[in-house]
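Here is a short report on one chain. It moves from the overall fold to charged side chains and then to pairs of residues.

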Amino acid sequence: MKKARKVLLSQIFDQLRMLRGTISTLETLHESEFFCLSGQQTVDVDAAVHLAFRKLQDQLAEMEETLATIAEATGVIPKL
């Protein structure tokens, strides 16, 4: 059972890492398009989108911390 939990937690961490990379790529794409379309967008829109990407990254970090807590509490990883 412990091995199955460890595998599942590892898969979730991998998925979160991949999601973090995908979100960063999307943000980079948005920034490059912003410079191309700067006459059509306002600073407020860009700031709002940037904040949304930051919030996504922060939420991913919270999920990683929560998973680490679960892994620690269930003995899947040693207590830090």
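## Terms and basis

A residue is called buried under 20% relative accessible area, exposed over 50%, and partly exposed in between, using a 1.4 Å probe and protein chains only. By that scale Asp14, at 38% relative accessibility, is partly exposed.

This is a predicted model, where local features need pLDDT of at least 70, side-chain atom pairs count only at pLDDT 80 or more, and totals for chains, interfaces and linings use all residues. Residues are numbered from 1 along each chain as its sequence is written, and side-chain values use heavy atoms, with hydrogens and water left out.

## Overall build

The chain has two helices and zero strands. Both terms refer to DSSP runs numbered from the N terminus: helices are H or I with at least four residues, strands are E with at least two. Helix H1 covers residues 2–36. Helix H2 covers residues 43–73.

Of the 80 residues in the chain, 15% are buried. The accessible surface comes to about 6,100 Å², and carbon and sulfur atoms own 65% of that. These areas come from the Shrake-Rupley method with a 1.4 Å probe; for residues, only the protein chains shown count as cover.

A contact means heavy atoms within 4.5 Å. Among contacts in the chain with a separation of 6 or more, 67% join residues 24 or more positions apart.

Side chains of opposite charge can pair when their charged atoms come close. Here a salt bridge requires a side-chain nitrogen of Lys or Arg within 4 Å of a carboxyl oxygen of Asp or Glu. The count by this rule is three.

One of them joins Asp14 to Arg17, with the closest N and O atoms 3.0 Å apart. How far apart are Asp14 and Arg17 along helix H1? They are three residues apart, so about one helical turn separates them. Arg17 is exposed, at a relative accessible area of 54%, while Asp14 is partly exposed at 38%.

Glu64 pairs with Arg20, and their closest N and O atoms are 2.9 Å apart. Glu64 is partly exposed, with a relative accessible area of 21%. Arg20 is partly exposed too, at 25%.

Arg54 and Glu27 form another salt bridge, at 2.6 Å from N to O. Arg54 belongs to helix H2 and Glu27 to helix H1, so the pair links parts that are 27 residues apart in sequence. Is Glu27 buried or exposed? Glu27 is buried, at a relative accessible area of 7%. Arg54 is partly exposed, at 32%.

## Positive patch

Lys2, Lys3, Arg5 and Lys6 gather in a surface patch of positive charge. Patch members have over 30% relative accessible area and no salt bridge; like charges are joined within 9 Å, and nonpolar side chains (Val, Leu, Ile, Met, Phe, Trp, Tyr) within 5 Å. Lys and Arg count as positive and Asp and Glu as negative, with His and the chain ends not counted. Each charge is placed at NZ of Lys, CZ of Arg, CG of Asp or CD of Glu.

Arg5 lies in helix H1 and is partly exposed, at 33% relative accessibility. Lys3 is also found in helix H1. Lys3 is exposed, at 66%. Which distance separates Lys3 and Val76 in space? The two are 7.8 Å apart, C-alpha to C-alpha, although 73 residues apart in sequence.

## Histidines and Thr69

His30 is in helix H1 and buried, at 17% relative accessibility. Its C-alpha is 8.7 Å from that of Val49, which is 19 residues away in sequence. His50 lies in helix H2 and is partly exposed, at 37%. His50 and His30 are 20 residues apart in sequence and 9.1 Å apart, C-alpha to C-alpha.

Leaving aside neighbours within four places in sequence, His50 is in contact with Glu27 and Glu31. Glu27 is the residue that meets Arg54 in a salt bridge.

Thr69 is placed in helix H2. Thr69 is exposed, at a relative accessible area of 51%. Thr69 and Lys79 are ten residues apart in sequence, with 8.9 Å between their C-alpha atoms.
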